[in-house]
Amino acid sequence: MIRQIFFDIDDTLYDQQETFRLALEQLFSGRYSEALPYRIPDSRKEDADFLNTLYQRFRFHSDAVFHETETGSMSVADMRVYRITEAFHDLGLDLDRTSAELFQTIYKDRQHHLRLLPEMEQLLSSLHQRQITLGVITNGPSRHQWDKVRCLGLEQWIPHDHILISDDLGISKPDPAVFHAAEKITGIPASDSWYVGDAYLLDVCGAVNAGWHVLWLNRRHREVPEGMTVRPDAVVTTDSECLSFF
C-alpha cells in the first residue's frame with residue numbers, strides 16, 4: 001500500500017543538468033570567455049555527449065565529498081570548486097580556481113530561476129488530490145535548499161514540516177536515520193513509504209536500507225555502482241514513466 005511518497009529535489013523534481021548547461025554557456029560565452037582555453041560545444045550529438053559526461057562527473061565528485069562538508073573537513077566553497085575542476089580534469093581539461101568560482105556564482109544565480117518539470121508538477125498535483133502524504137528529503141545547506149523549495153513552489157503540495165533538509169537535521173542521506181525521521185513526523189511506517197530519487201548511493205541505498213520502497217529515476221542512464229547488492233523496487237528513465245508509475 002502506498003500511503004506516502006517523499007522526493008529528492010536536485011535532478012529529480014527539476015532538471016539540474018539544464019541549469020548546469022546554462023551556467024556553462026554563460027561562463028564560456030560571456031566577457032570572461034577570452035581568458036578560457038576553449039568554448040563549451042554546441043548542441044550537436046557529440047557535444048551533448050560531452051556535456052552529459054561532464055555533468056555526471058560533476059555530480060559524482062559533489063556526492064563523493066558531500067559528507068566532508070558536513071563534518072567540516074572541507075568547506076562548502078572548496079567543495080564547489082573541487083567538484084567542477086575535477087569534472088573537467090576527468091575529461092582531460094583544466095579549469096583554474098578563478099573560473100571555477102565564477103562558474104559557481106553563475107550556477108547559484110541560475111538556481112534562483114528553477115522550474116518544476118511539467119510531469120513532476122502533474123505528479124505532485126495528482127498525488128495531493130489522492131491524499132497521498134507527500135514530502136521531501138534532500139541533502140545540502142539549509143538556506144540553499146529552502147530557496148529551491150520556495151522557487152519550485154513545493155509547499156502548495158507538501159507541508160512545511162515534511163520538508164527534511166540534511167543541514168537542519170544534522171544527518172544526511174544515505175543514513176537511514178533521515179528516512180526514519182520522516183516516519184516519525186508523518187506516523188507512516190516504512191512498509192507504506194516510497195522514495196523517488198536519482199542518486200544511487202544516496203537515494204536508492206539510503207531508502208532501501210531504511211526499509212522504504214524506492215523508485216530510481218535514472219534519466220542519465222547511469223550504471224548501478226560496481227559491487228552494489230542493493231536494488232530499487234523499480235526503475236524509470238523518463239519523467240513520463242515516473243508520472244504513470246504512481
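Tutor: Here is a quick tour, by question and reply. Keep in mind that this is a predicted model.

Student: Fine. How many residues are in the largest nonpolar core, and which have the most contacts inside it?

Tutor: The core has 31 residues. Those with the most contacts inside it are Ile5, Phe7, Leu13, Leu134 and Leu154.

Student: Which helices and strands each supply at least two residues of this core?

Tutor: The strands are β1 (4–7), β2 (133–138), β3 (163–165), β4 (193–197), β5 (213–217) and β6 (234–236). The helices are α5 (118–129) and α6 (142–152). The largest share, four residues, comes from α5.

Student: Take Leu13. What is Leu13 in contact with, leaving aside its neighbours within four places in sequence?

Tutor: Phe7 and Asp8, then Leu116, Leu117, Met120 and Leu124, plus Val136 and Leu154.

Student: And Leu127, buried or exposed?

Tutor: Leu127 is buried, with a relative accessible area of 0%. Leu127 is found in helix α5. Beyond four places in sequence, Leu127 is in contact with Ile5, Phe7, Ile132, Leu134 and Phe246. Ile5, Phe7 and Leu134 are among the residues with the most contacts inside the core.

Student: How many Å separate the C-alpha atoms of Leu127 and Trp157?

Tutor: 8.8 Å, and the two are 30 residues apart along the chain.

Student: Switching to helix packing. How do α1 and α4 cross?

Tutor: The axes of α1 (residues 16–29) and α4 (residues 97–110) come within 9 Å and cross at roughly 130°. That angle makes α1 oblique to α4. The crossing is right-handed.

Student: Which residues make the contact?

Tutor: From α1: Gln16, Thr19, Phe20, Leu22, Ala23, Leu24, Gln26 and Leu27. From α4: Ser99, Leu102, Phe103, Ile106, Tyr107 and Arg110. By class, the contact has nine nonpolar, four polar and one charged residues.

Student: Thr19 is in that list. Buried or exposed?

Tutor: Buried, at 7% relative accessible area. Not counting residues up to four places away in sequence, Thr19 touches Tyr14, Tyr107, Arg110, Gln111 and Leu114.

Student: Now the backbone. Which non-glycine residues have a positive phi?

Tutor: Asp11 and His221 are two cases. Asp11 has a phi of about 65°, and His221 has one of about 55°. Most residues other than glycine have a negative phi.

Student: Where do the two sit?

Tutor: Asp11 is in the loop between β1 and α1, and His221 is in the loop between β5 and β6. Asp11 is buried at 1% relative accessible area, whereas His221 counts as exposed at 55%.

Student: What about Arg220, buried or exposed?

Tutor: Arg220 is buried, with a relative accessible area of 13%. Arg220 too is in the loop between β5 and β6. Arg220 touches Asp11, Asp15, Gln16, Gln17, Asn52, Tyr55 and Gln56, not counting residues up to four places away in sequence.

Student: Which peptide bond is cis?

Tutor: The one from Lys173 to Pro174, with omega near 15°. Pro174 is in the loop between α7 (166–169) and α8 (176–186).

Student: Last one. How many residues of α9 are buried?

Tutor: Seven of its 10, so α9 (residues 200–209) is mostly covered. They are Tyr200, Leu202, Asp203, Val204, Cys205, Gly206 and Ala207. After α9 comes Gly211, with a positive phi near 90°.

Methods. Residues numbered from 1 in each chain as written. Predicted model: local features only at pLDDT ≥ 70, side-chain atom pairs only at ≥ 80, totals over all residues. Heavy atoms only, no water. Core = buried A, V, L, I, M, F, W, Y, C linked by side-chain atoms within 4.5 Å. Buried < 20%, exposed > 50% of the residue type's maximum accessible area, 1.4 Å probe, protein only. Contact = heavy atoms within 4.5 Å. Axes fitted to C-alpha atoms, helices over the stretch in contact; angles between N-to-C directions. Parallel < 35°, antiparallel > 145°, perpendicular 65-115°, else oblique. Left-handed = near helix turned anticlockwise from the far one by under 90°. Nonpolar A, V, L, I, M, F, W, Y, C, P; charged D, E, K, R; others polar.
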